[in-house]
Amino acid sequence: MSDIIDGIIERAENSRIFRNKEVLRPDYVPGELPHREEQIRRLGTILVTLLRKERPSNVFIYGLTGTGKTAVSKFVLNSLHKRGSNSFKYVYINTRQSDTPYRILADIIETSGLTVPFTGISTAELYRRLVKVVRQENRIIVLVLDEIDTVVKKHGDEVLYRLTRINEELSTSKFTIIGITNDINFVDLLDPRVKSSLGEEELVFPPYNASELEDILSRRVREALKEGTYSQNVISLCAALAAREHGDARRALDLIRVSAEIAERGGKNQIAEDDVYLARNEIERDRVTEVLESLPFHSKLVLIAIIKGLEQRKQLITGEVYDIYRRYAKRLGLESISQRRVSDIINELDMVGLINAKVINRGRYGKTKEVTITKEIRDAVAKVVINDEKLASVWSG
DNA sequence: CCTCCACCGGAACTTACGGAGT
DNA sequence: ACTCCGTAAGTTCCGGTGGAGG
């Protein structure tokens with residue numbers, strides 16, 4: 001057994017291309033963040049008061065995915081923590097993973113070493129426990145809520161309101177909240193009280209342009225890959241492809257990492273431009289696979305109905321999707337879901353980026369949603385679907 | 001200018017489940 | 001044993017609604 005692992009490690013150590021793969025992973029916080037100096041300075045200025053044990057203002061951070069919001073926040077907080085670890089503690093929570101008030105509270109409490117039952121206890125009780133825990137901490141707690149828009153969209157802003165109000169129940173311990181969002185319009189959903197309290201300070205992260213991305217990649221790659229394994233053309237290509245996606249640095253890093261993996265698997269010593277294109281497809285396929293597997297059965301069936309329907313017609317509307325879905329469900333001997341639910345599923349599929357759905361008005365012929373899908377995703381779905389017996393039978397039959 | 005289609009989408013409720021507290 | 005709780009998936013009910021066609 002262990003020799004299998006040894007073999008893998010050995011091969012990893014003897015990599016032809018990688019020097020340190022970690023550096024290219026999305027959650028890696030680099031020692032330098034080029035082109036984000038301004039944001040670092042501003043966030044740092046807001047948060048230095050932590051070292052004097054004073055509560056900093058709450059901060060709101062806007063910016064699209066892969067513009068360095070999370071990295072800068074972690075970077076600044078880590079740096080300050082090194083200089084005064086007793087004066088504050090910080091808790092990072094991604095609200096995409098912890099997407100309910102209950103989970104958020106549980107996560108905060110758990111950072112103090114206590115365990116909280118997964119379920120069974122009321123949220124109100126959790127607030128009580130939180131206050132108790134925080135009181136014992138006796139220092140400032142910086143709460144970083146990443147992708148804060150996802151909770152608010154699902155569960156409203158009450159959690160935020162209550163968290164900002166916790167300060168009033170405390171004497172020595174204080175909460176500071178850093179809210180990170182990539183949806184700029186999201187503040188409009190907030191209660192004015194929450195809005196003003198949370199937005200004491202605001203920071204905007206603009207997207208990187210192609211040359212900035214190229215610079216970022218070049219620096220990272222120097223650490224991550226061995227010399228002579230990559231050309232400037234390959235870097236430029238990754239940067240250009242990522243720049244097309246609104247300047248997403250995460251995407252650029254993924255591209256170069258997967259390109260390197262592909263080159264390595266092919267036994268090559270150098271990354272070619274073709275590897276980058278292959279990487280792009282592979283990333284897409286992996287994403288689709290992951291999303292698809294986490295979907296409930298009926299959602300998958302609706303997706304197949306959409307794909308199959310689009311093979312017949314140029315465009316599809318909700319009613320047509322529902323009809324096709326119903327036929328499939330019947331063929332499988334399953335009870336159908338309501339059209340209302342299918343409408344929601346279409347929205348969900350749109351949200352995770354598997355399809356495009358947009359509401360259209362066809363005057364006399366009603367208001368509905370028009371659904372489309374890209375060829376890449378259709379192909380990726382086709383490859384995943386054959387692993388499920390039921391789905392495969394519908395797919396081919 | 002009005003009608004009316006084919007849905008949209010909010011809200012409240014249901015069911016099934018795993019677990020807590022007492 | 002019994003009651004209470006959150007989550008996930010789904011249902012029922014129902015008030016909108018943009019614009020082509022009369």
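Modeller: We shall take up the domains, the helix packing and the DNA surfaces in turn. This is a predicted model, in which local features need pLDDT of at least 70 and side-chain atom pairs count only at pLDDT 80 or more, while totals for chains, interfaces and linings use all residues. Residues are numbered from 1 along each chain as its sequence is written, and chains are lettered from A and ligands numbered from 1 in the order in which they are written.

Colleague: Into which domains is chain A divided?

Modeller: Domain bounds come from an automatic or database domain assignment. Here chain A comprises domain 1 (37-205), domain 2 (208-290) and domain 3 (295-396). Between the C-alpha centres of domain 1 and domain 3 there are 38 Å.

Colleague: How does one read the packing of helix α9 and helix α11, and at what angle do their axes cross?

Modeller: Helices (H or I, at least four residues) and strands (E, at least two) are DSSP runs, numbered from the N terminus. Axes are lines fitted to C-alpha atoms, for helices over the stretch in contact, and angles run from 0 to 180 degrees between N-to-C directions. Helix α9 (residues 210-224) and helix α11 (residues 249-265) have axes that come within 10 Å and cross at roughly 45°. Angles under 35 degrees count as roughly parallel, over 145 as roughly antiparallel, 65 to 115 as roughly perpendicular and the rest as oblique; α9 and α11 are therefore oblique to each other.

Colleague: Which residues of α9 and α11 make the contact?

Modeller: Two residues are in contact if their C-beta atoms, placed from the backbone, lie within 7 Å. From α9 come L213, I216, L217, R220 and V221, and from α11 come A249, A252, L253 and I256. For classes, Ala, Val, Leu, Ile, Met, Phe, Trp, Tyr, Cys and Pro count as nonpolar, Asp, Glu, Lys and Arg as charged, and the others, Gly among them, as polar.

Colleague: How are α10 and α12 oriented to each other?

Modeller: Helix α10 (residues 232-244) packs with helix α12 (residues 273-293) at an angle of about 30°, their axes being 9 Å apart. The two helices, α10 and α12, are therefore roughly parallel to each other. In this contact, N233, V234, L237, C238 and L241 of α10 meet E273, V276 and R280 of α12.

Colleague: At what angle do α14 and α15 pack?

Modeller: The angle between α14 and α15 is about 110°, with their axes 10 Å apart. This makes α14 roughly perpendicular to α15. The contact joins T318, V321, Y322 and Y325 of α14 to Q339, V342, S343 and I346 of α15.

Colleague: Which residues come nearest to DNA strand B?

Modeller: A residue is near a molecule or strand if its C-beta atom, placed from the backbone, lies within 6 Å of it. Of the 18 residues around DNA strand B, the nearest are G120, G319, S343, G366 and K369. At least two residues of this surface come from each of α14 (318-331), α15 (339-351) and β8 (367-372).

Colleague: Which elements supply at least two residues each near DNA strand C?

Modeller: They are α4 (101-110) and α15. Of the 18 residues around DNA strand C, T100, Y102, S122, R341 and G363 come nearest. By class, the surface near DNA strand C has three nonpolar, ten polar and five charged residues.
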